[in-house]
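Subject: Handing over the structure

Dear colleague,

I am passing this structure on to you, and my notes on it follow below. Please read them with the sequence and the coordinates open beside you.

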Amino acid sequence: MPNTLDPSDWTTLKTLAHRMLEDMLADLEHRTDRPVWQPMPADLRARFHATLSDYPTDLAEVYEEFRQTILPYAVGNTHPGFMGWVHGGGTAVGMLAEMLASGLNANCGGRDHAPIDVERQIVRWLAKRFAFPTTASGLFVTGTSMANLIAVLIARRAALGPDSRRQGLTGSAPLVAYASTAAHACVARAMDYAGLGSDALRLIPTDAEDRLRIDALHRAIDLDRAAGRVPFLIVGSAGTVAIGAIDDLAALATVAIAHRTWFHVDGAFGALGILSPQIAPRLVGIEQADSIALDFHKWGQVPYDAGFVLVRNGTCQEDTFATTADYLSRAPRGLAAGSPWPNDLGPDLSRGFRALKTWFTLKTYGAARLGEMIDHTCRLAGDLAERIRLEPELELMAPTPLNIVCFRYRGRGHIGDATRACEAHHDQVNADIVMDLQEGGLVAPSVIRIHGRTCIRAAFFNHRTDHHHVEQLVQETLRAGRRRSHP
Ligand SMILES: *Cc1c(COP(=O)(O)O)cnc(C)c1O
């Protein structure tokens, strides 16, 4: 046996490789021929419990197993009927770039090589879009959960100073942060992981549009200051996960300046609204943020995963993460040149080349086209909201500022009847409708609780979704609802 893992016969490998590529492209082209999602049969699932063999399996055989047991049972976000949760649809372009990146097998933790220049170019592109200075820094990460954590760590380091990197929180006054009750739960988790505790995140109430109430923020900060606590961070949401609300970012920036706190924006999906001339004005204030977290894998349609954090003052990011270790020492020339490296800007050392699929996506489509696609998904939501208003059996449950619609099936006979038992029944009917739809395979919304009621949530993120799917969602909801409430 030769030592190398490369094939002895490249020709056979190439033939199979071309088939894989053809198959996957054909699957994307004809994605609607398969259900959005289908539950995995128990006997197939059981096959994943087989033990690891000492002996090789033919690649063609492994690929066949993928075709049968994995491909048909993925979550379904490539399908235009996928409307549950905040998932992008991906593109063939992103998939091809992912293949090229794997071929390079670049480790983007550091050293002097072109893949890191690609990442830095995207940092510059985003800095320009968000009107950040050229001294801004940024980093690809898994997702916004990680990007938010990085922002909390930078804000913590900025508040506590350099000694905190060795001494931790010893002796410091309690730090407190602020976000709205509609902020993503990962912000509280980030506070937990940062050692500050999730209780130190004050959840400020929201207005009727689900935006953080600035008056309530002032009161909360005053109370904390009076109690000797130190406000160090304000987190604004640009697109809340439940309904897509955008906080008044300019007002938050003003409060942050007045109180000398870090101002971070969780723009997981909404920040890329900057590419749409319609949405960009509603993000005003984001250009004053100290940091922004966003995901290219949501509205940006880059295949998973492609989270990103952008930091106004690059020095703050480096001050938080850079370490000195012999094996990471830098040199004026050669492979160890080109400092700072990405591993100076976040917790990861070894890192894949996430920037490439993002670079291909941004270049291939161009910023304007991506902005139009974002507008398209908002129009779909507008259409659905309008359709629900005209449909007596359905009820809109929240405003629709962007691309997310929350609604309920309320049935025919129950309008105005709001006894507790009836409410519980309706909650169950709506939860059942969502499960029915997901198992039906045509459209897949998700469930969300709004004002204590179970609602159906349609989030339009997939560029493949069209008006036809909106109508299908309405029809399928009515059909399932009627069947459930009048069995
Ligand atoms: C999706 C989302 C997150 C979490 O991002 P991940 O990429 O899933 O880690 C955080 N905040 C908001 C508003 C989101 O939509």
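In what follows, a residue is called buried when its relative accessible area is under 20%, exposed when it is over 50%, and partly exposed in between, judged with a 1.4 Å probe and the protein chains only. By that scale arginine 111, at 31% relative accessibility, counts as partly exposed.

The model is a predicted one, in which local features need pLDDT of at least 70 and side-chain atom pairs count only at pLDDT 80 or more, while totals for chains, interfaces and linings use all residues. Residues are numbered from 1 along each chain as its sequence is written, and side-chain values use heavy atoms, with hydrogens and water left out.

**Backbone features**

Arginine 111 also has a positive phi of about 80 degrees although it is not a glycine, and this residue is found in the loop between α4 and α5 (114-129). Helices and strands here are DSSP runs numbered from the N terminus, a helix being H or I over at least four residues and a strand being E over at least two. Aspartate 210, in the loop between β3 (201-204) and α9 (214-226), likewise is not a glycine and has a positive phi, of about 65 degrees.

There are cis peptide bonds to look at as well. The bond from tyrosine 304 to aspartate 305 is cis, with omega near -15 degrees, and aspartate 305 lies in the loop between β6 (291-295) and β7 (307-311). The bond from serine 339 to proline 340 is cis too, with omega near 0 degrees, and proline 340 belongs to the loop between α11 and α12.

**The ligand**

Around the ligand there are 13 residues, the closest being Thr144, Ser145, Asp266, Asp295 and Lys298, where a residue counts as near a molecule if one of its heavy atoms lies within 4 Å of it. By class, this shell has 4 nonpolar, 6 polar and 3 charged residues; Ala, Val, Leu, Ile, Met, Phe, Trp, Tyr, Cys and Pro count as nonpolar, Asp, Glu, Lys and Arg as charged, and the others, Gly among them, as polar.

An oxygen atom of the ligand is 3.0 Å from a polar backbone atom of threonine 144, and an oxygen atom of the ligand is 3.1 Å from an N or O atom in the side chain of histidine 297. The protein covers 84% of the 380 Å² of accessible area that the ligand has on its own, the areas coming from the Shrake-Rupley method with a 1.4 Å probe.

**The largest pocket**

The largest pocket has a volume of about 900 Å³, a volume being the space filled by probe spheres set on the grid points, which are joined across faces, edges and corners. A pocket is an open set of points, on a 1 Å grid over the protein atoms alone, where a 1.4 Å probe fits and protein lies on both sides within 12 Å along at least five of seven lines, and its lining residues have an atom within 4 Å of a point. Of the 33 residues that line the largest pocket, Met24, Leu28, Phe66, Met95 and Pro303 are the closest to its centre. The elements that give two or more residues to this lining are α1 (10-29), α3 (59-70) and α4 (92-104), and α1 gives the most, with 8 residues. By class, the lining has 16 nonpolar, 10 polar and 7 charged residues.

**Buried positions**

Leucine 384, found in helix α13 (residues 367-389), is buried, with a relative accessible area of 0%. Its C-alpha atom is separated by 7.4 Å from that of valine 405, 21 residues apart along the chain. Isoleucine 221, in helix α9, is buried as well, with a relative accessible area of 0%.

Where is aspartate 344 placed? This residue is in the loop between α11 (314-321) and α12 (354-365), and at 2% relative accessibility aspartate 344 counts as buried. A polar contact of 2.8 Å joins its side chain to that of arginine 330; such a contact is a pair of N or O atoms within 3.5 Å, and within protein one must be able to donate a hydrogen and the other to accept it, while residues adjacent in sequence count only if both atoms are side-chain atoms.

With best regards
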